[in-house]
Amino acid sequence: MDIVSIINTSVEILKKASEAAKKIKDAEVKNLLADLSLQLADAKMAIADIKEEMSKLREENLSLRAQKNKEEKPTVKNGCYIFDNDSSRLYCPTCYDVSGKKIMVADVMFVKKCNSCGGIFDAKH
Ligand SMILES: [Zn+2]
């Protein structure tokens, strides 16, 4: 159960408790229920703030990742790209150049193939 439905359920319970409190006409109980109602409203607002903050951070994270990927300079090896001189991992140059995505190429017979764009690279060992 997520936090919003927990709070909504709490509000429902509070409404029922308020109805029950009307019958007993206890002022202290009514005041406590009113306080609880205000606290729940504050909690709802706090959650909205957290959600907004999270979505900002998510966007920031995405743009930082995109920036980091652009800054990485590939080296060409056997028609594919390698990063950080790690020649055990060959990447599709087309996908990287077009969209900045690092897609590892797979061995297919005597060539390397990108399973994302379908590019074939003549990677002789
Ligand atoms: Zn590709």
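The domain assignment of the chain gives domain 1 (3–70) and domain 2 (74–121); such bounds come from an automatic or database domain assignment. The centres of domain 1 and domain 2, taken over C-alpha atoms, are separated by 48 Å. The structure is a predicted model, in which local features need pLDDT of at least 70 and side-chain atom pairs count only at pLDDT 80 or more, while totals for chains, interfaces and linings use all residues. Residues are numbered from 1 along each chain as its sequence is written, and side-chain values use heavy atoms, with hydrogens and water left out.

The zinc site comes next. The zinc ion is coordinated by the SG atoms of Cys92, Cys95, Cys114 and Cys117, at 2.2 to 2.4 Å. Donors here are N, O and S atoms within 2.8 Å of the metal (3.2 Å for Na, K and Ca), and sites may look incomplete because water is not among the atoms. The angles among the 4 donor atoms are 106 to 112°, and the site is tetrahedral, a label given to four donors if all angles lie between 85 and 135 degrees. For four tetrahedral donors, the ideal angle at a metal is 109.5 degrees. Along the sequence, the donor residues follow the spacing C-x2-C-x18-C-x2-C. Cys95 lies in helix H3 and Cys114 in the loop between strand S4 (111–113) and strand S5 (120–121), so this pair ties together parts that are 19 residues apart in sequence. Helices (H or I, at least four residues) and strands (E, at least two) are DSSP runs, numbered from the N terminus.

Are Cys95 and Cys114 buried or exposed? Cys95 is buried, with a relative accessible area of 8%, and Cys114 is also buried, at 0%. Buried means under 20% relative accessible area, exposed over 50%, and partly exposed in between (1.4 Å probe, protein chains only). Both cysteines belong to the largest nonpolar core, whose 8 residues are Cys80, Ile82, Leu90, Cys92, Cys95, Val105, Cys114 and Phe121. A nonpolar core is a set of buried Ala, Val, Leu, Ile, Met, Phe, Trp, Tyr and Cys residues joined through side-chain atoms within 4.5 Å. A second, separate core has 6 residues, including Ile7, Leu14, Ala21 and Ile47. Apart from its neighbours within four places in sequence, Cys92 is in contact (heavy atoms within 4.5 Å) with Ile103, Val105, Cys114, Cys117 and Phe121.

The description now turns to the strands. An open sheet of 3 strands has the order S3-S4-S5, with antiparallel pairing. Its edge strands are S3 (106–108) and S5, each of which pairs on one side only. Two strands pair if DSSP finds at least two bridges between them, and 3 bridges join S3 to S4. Val108, found in strand S3, stands opposite Val111 in S4. Val108 is partly exposed, with a relative accessible area of 33%. From Val108 to Glu12 the distance is 60 Å, C-alpha to C-alpha, and the two are 96 residues apart in sequence.

Two asparagines complete the picture. Asn78 has a positive phi of about 50° although it is not a glycine, and it lies in the loop between strand S1 (75–77) and strand S2 (80–82). Asn78 is partly exposed, with a relative accessible area of 30%. Asn85, likewise not a glycine, has a positive phi of about 55°. Asn85 is found in the loop between S2 and helix H3 (93–99), where it is exposed, with a relative accessible area of 64%.

Technical notes: Four donors count as tetrahedral if all angles lie between 85 and 135 degrees; four count as square planar and six as octahedral if opposite donors are over 155 degrees apart and all others between 65 and 115; anything else is irregular.
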